[in-house]
Amino acid sequence: MTDFSDLENAAQPVADFLRGRDEVHVVGQYDADGISATAILVEALERRGLNVSFEILKQLYEEDVDEIASSGHSAVLFVDVGSGQAEALSEGFKADEVAVVDHHEPETEAEFPHFNPHFLDVDGGSQISAAGSAFIVSDLLGGNGDLVDWALVGATGDIQKEDGVFQGFNERLLEKALDRGLVTEEKGLDLYGRTTKPLHRSLMYTSDPYLDGITDSESGATQFLRSADIDMRENGGFRTLDDLSDAEEKRLTSQLIARGYDVSELVRPIHKNSDGITLDELSTVVNACGRLGEPEKGVEILRTEGDSMKDRVLSKYGRRISSAMGFVEDNPSRLSLSDGVGVIDADSEVGEEFIGVVVGICMGSETLREADVAAGLAEAEEGVKVSCRARSSLVETGLDLGEVVSGIAEELDAEGGGHGAAAGAMLPEGARDEFVSMFRERTATYT
């Protein structure tokens with residue numbers, strides 16, 4: 001059975017690759033996990049006095065590999081990408097020019113330093129994220145144990161918690177963070193912005209589960225709090241959820257239950273960093289930066305705790321999500337549900353960066369609550385972006401969404417992959433209908 005020291009031993013070649021370098025270029029992925037992993041390694045390498053540059057991509061394609069390989073960097077480190085492009089990396093780089101830290105299903109072994117938990121039969125989709133893997137490498141470099149909370153931000157963004165509880169090696173990382181006083185744990189309502197946002201905004205920003213009449217509705221959230229006899233203001237300012245007494249939070253919970261909301265999805269362990277900010281909130285902010293096309297801001301927010309930047313990012317992100325959900329709600333003909341498989345065909349009306357978020361929200365609301373697995377399609381510059389999600393119950397019964405999607409993509413001469421519960425692909429324009437048909441056929445057997 002794999003233990004933590006096995007992961008450290010497997011990560012050692014990447015740490016050795018980085019030691020003694022004067023310059024490293026880091027290439028990451030634009031979701032919360034990839035941005036967190038990038039931030040960890042950029043911070044760790046700069047602490048060693050290296051000249052560090054970085055870029056963050058939506059996906060790593062063969063043309064990207066060629067471009068990066070010809071850019072003149074003496075050492076390139078790929079994080080949260082690379083394992084699925086090992087052959088292209090081997091062809092584009094010399095073995096002493098490139099290394100990979102990833103947690104996606106690997107394409108093949110490689111001659112270059114390549115740390116991936118899957119090589120040790122550890123599920124990178126649920127037990128440790130790219131940020132967790134990046135932390136192990138950074139810790140081996142020495143003096144970077146204080147970055148472990150960023151690893152948990154990445155794991156949170158990669159949906160590697162079950163009912164609010166970290167799984168697998170993420171639990172070990174949590175223990176390290178708790179021991180160092182970098183993270184605290186308590187039980188309570190797991191609403192967005194619990195420690196920083198006005199209570200009515202925490203309610204209106206809650207999207208998982210989707211609270212009909214409250215989510216995306218400031219007036220609905222305000223009216224709900226009044227009906228629960230919860231004062232929103234205190235000493236001239238708005239109260240946060242953290243400001244409520246135990247009795248008030250229990251009353252709020254009771255009122256949510258009375259309204260028919262599934263509170264079991266909301267009462268969970270609450271993890272906060274040393275500044276009192278929940279890891280869920282940080283993860284949402286970092287993810288929003290990527291979705292808005294500003295992933296570098298996510299790295300900056302983690303490294304500098306830029307509070308004013310967080311508010312601006314979330315305000316912009318909230319408007320984009322609200323607009324996307326408005327389109328879905330106003331166009332029910334774009335949704336279909338059959339045998340537990342849902343499909344949202346947003347065409348060009350929802351940005352490719354947001355289609356995965358929309359699928360997740362719809363599966364948590366009445367829109368696709370009956371779907372066990374769903375796919376969203378949106379027009380993209382390169383073709384058709386596909387984002388798929390599956391409920392954990394299906395993954396537990398054997399569904400590996402990443403394997404399904406990558407298999408379909410390969411048959412359609414496209415690229416795709418992911419984890420057990422989340423996957424994506426970029427299709428040629430003419431393959432839209434064929435993908436949907438194959439996706440329905442291959443996932444319906446699990447529903």
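I count two residues as in contact when they have heavy atoms within 4.5 Å of each other. The model is a predicted one, in which local features need pLDDT of at least 70 and side-chain atom pairs count only at pLDDT 80 or more, while totals for chains, interfaces and linings use all residues. Residues are numbered from 1 along each chain as its sequence is written, and side-chain values use heavy atoms, with hydrogens and water left out.

**Entry: S133**

I looked up S133 and found it in helix 5 (residues 130-141), where helices (H or I, at least four residues) and strands (E, at least two) are DSSP runs numbered from the N terminus. S133 is buried, at a relative accessible area of 0% (buried is under 20%, exposed over 50%, partly exposed in between, with a 1.4 Å probe and protein chains only). Setting aside residues up to four places away in sequence, I noted that S133 touches V101, D102, H103, F115, P117 and I128. Helix 5 itself lies across strand 4 (98-101) and strand 5, running at about 125 degrees to strand 4; for such values, axes are lines fitted to C-alpha atoms, for helices over the stretch in contact, and angles run from 0 to 180 degrees between N-to-C directions.

I then followed the open sheet, which has five strands in the order 2-1-3-4-5 with parallel pairing (two strands pair if DSSP finds at least two bridges between them). Strand 2 (51-57) and strand 5 (114-115) are the edge strands, each pairing on one side only. Strand 1 (residues 23-29) pairs with strand 2 in the parallel sense over seven bridges, and V27 has E55 of strand 2 as its bridge partner. Helix 3 (residues 62-69) packs on the sheet, where it touches strand 1, strand 2 and strand 3 (76-79), and its direction makes about 160 degrees with that of strand 2.

**Entry: helix 2 and helix 6**

I found helix 2 (residues 32-47) packed with helix 6 (residues 148-157) at an angle of about 165 degrees, their axes being 7 Å apart. Helix 2 is therefore roughly antiparallel to helix 6 (a term for angles over 145 degrees). The contact involves A32, D33, S36, A39, I40 and E43 of helix 2, together with W150, A151, V153, G154, A155 and G157 of helix 6.

**Entry: L292**

I located L292 in the loop between helix 11 (279-291) and helix 12 (295-304), and it is buried, with a relative accessible area of 11%. Leaving aside neighbours within four places in sequence, L292 is in contact with V313, K316, Y317, R320 and F354.

Technical notes
Parallel < 35°, antiparallel > 145°, perpendicular 65-115°, else oblique.
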